[in-house]
There are 2 protein chains.
Amino acid sequence: MNVILLGSGSVATHLGQALNAVGHNIIQVWSRNENHAAILANKLSAESISAISSLITTADIYIIAVKDDAILDVVKALPRLNGLVVHTSGSTDMLVLEGTSSEIGVLYPIQTFSKSKKVNFEQVPIAIESNTNNGLDLLRVISESVTQKVIQMNSVQRITLHMAAVFACNFTNHLYVIAQDILKQQHLDFDLLRPLIAETAVKVKENDPIEVQTGPAVRGDNNIIKKHIELLKNNPEYLELYHLFSQGIINASYKK
Amino acid sequence: MNVILLGSGSVATHLGQALNAVGHNIIQVWSRNENHAAILANKLSAESISAISSLITTADIYIIAVKDDAILDVVKALPRLNGLVVHTSGSTDMLVLEGTSSEIGVLYPIQTFSKSKKVNFEQVPIAIESNTNNGLDLLRVISESVTQKVIQMNSVQRITLHMAAVFACNFTNHLYVIAQDILKQQHLDFDLLRPLIAETAVKVKENDPIEVQTGPAVRGDNNIIKKHIELLKNNPEYLELYHLFSQGIINASYKK
């Protein structure tokens, strides 16, 4: 397929390289940042353009992979296009693309990317949505060319999924930040927890999380809970989280 | 060294096997559960005993690897011993062992174990403590025979470390439970998040967690935060966590 990429960040980079690797033809790369566009275009043997008015209007698919709050600016600047126009955002409604083309959609890779780190795209689930069956077919074909896991969902489902990811990943990472801070106060290194953190993630690869919960709350070990609360007495923020989680874990274990 | 194990759960099993594999001599295994003691003793070519009064009193080290709230019962039942007596608990003071022997201590493997899952003990940090230098030397030698990471710490440090692990692992696992619950409400499978969860844990293997935080809170994307709050309006428990974490992530990013 003839693909045009709008954006040059980590999603555009990893997705562009994955599409290029399986033989799709990336014909143009546009980015607000001219240098970044040139670097990515060079990797993909594509033309780099800095004026959005220079876009070829007859590509098969236009992939807008920019920050969520920049999508609307790109949409407003686009000429009327003939191909399928999609964005890659987990939390943006498909309908923001209305007016850019008769066929619009979403191609949301469910993974966190950083430019410098290689991604095995085959294992990245992709959520797709379109306003037409033809658009959906096209998204399925292009997505299945890079990953084994393609799932169609509507915008509400996708935004809910994105929110679930905020809980499971962003909030989890903040728990790591808190753990590191707690350790620092006792002059202990975060390295001590790294194997345990890795193992906690490994356990849910093949189990339901509720089946592998451990710790004082799920065991009902009030002695230890009291000790922890005592240790946290000068930290109201962590203490509040401690109470909420302990109660949440107990409630979840009843529902199990 | 001549080792006697008190306990037959997952810590006793994995630690016993690791010690046995590097040539230590497990001479007796005692457990409240006679069958479990026999099974573990058989694996370790040790004698299985069901009466605590049958303990040999001249081993080099006695390792009490039972549930935290059972340690005191074991301590009360022990005859006066001549070797070093240790427990393996993260959250129990060393001093509960006073009176069992002149030398007491702690050998706490910082990992979560389940009987059925193999553990690479070489990567498991072990925290040690003793009331004598001789006990500390002995604990260092035996710990370094199974892992490359041995660290001496006092009981307050160890209990703090255990609490940090509750945040980084037990609470994290509860976030996975919440994410799965949120997905279910939209008929979406938890599998969609598993690659993202794995990647989140991988990222902190070599980075400080605060350096790799992503998501709407750290980006200050109030549009998305508002959408998420709207989605959570009927779930006060998750909403409260959402607010606490978002504020915590913002505060942490200022401190960075």
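**The interface between the two chains**

Trainee: How many residue pairs are in polar contact between chain A and chain B?
Mentor: This is a predicted model, and the pairs counted here have both residues at pLDDT 80 or more.

Trainee: Which helix gives the largest share of the side of chain A that touches chain B?
Mentor: Several helices of chain A each supply at least two residues of that side, among them α6 (194-206), α8 (222-231) and α9 (236-255). The largest share amounts to 26 residues, and it comes from α5(A).

Trainee: What area is buried between chain A and chain B?
Mentor: The contact draws 83 residues from chain A and 83 residues from chain B. By class, the side of chain A that touches chain B has 47 nonpolar, 22 polar and 14 charged residues. Carbon and sulfur atoms give 71% of the buried area, which is about 8200 Å².

Trainee: Which residue of chain A comes closest to the rotation axis?
Mentor: Chain A is superposed on chain B by a rotation of 180° with 0.0 Å of shift along its axis, at an RMSD of 0.0 Å. The two copies are therefore related as by a two-fold rotation axis. Moreover, 100% of the interface residues of chain A are also interface residues in chain B, so the copies meet through the same surface. With its C-alpha at 2.7 Å, the residue of chain A closest to the axis is Thr172(A).

Technical notes:
Residues numbered from 1 in each chain as written. Chains lettered and ligands numbered in written order. Predicted model: local features only at pLDDT ≥ 70, side-chain atom pairs only at ≥ 80, totals over all residues. Heavy atoms only, no water. Contact = heavy atoms within 4.5 Å. Buried area = accessible area lost by both parts, 1.4 Å probe. Polar contact = N/O pair within 3.5 Å; in protein donor to acceptor, adjacent residues only side chain to side chain. Helix = DSSP H or I, 4+ residues; strand = E, 2+ residues; numbered from the N terminus. Nonpolar A, V, L, I, M, F, W, Y, C, P; charged D, E, K, R; others polar. Least-squares fit on C-alpha atoms with pLDDT ≥ 70 in both.
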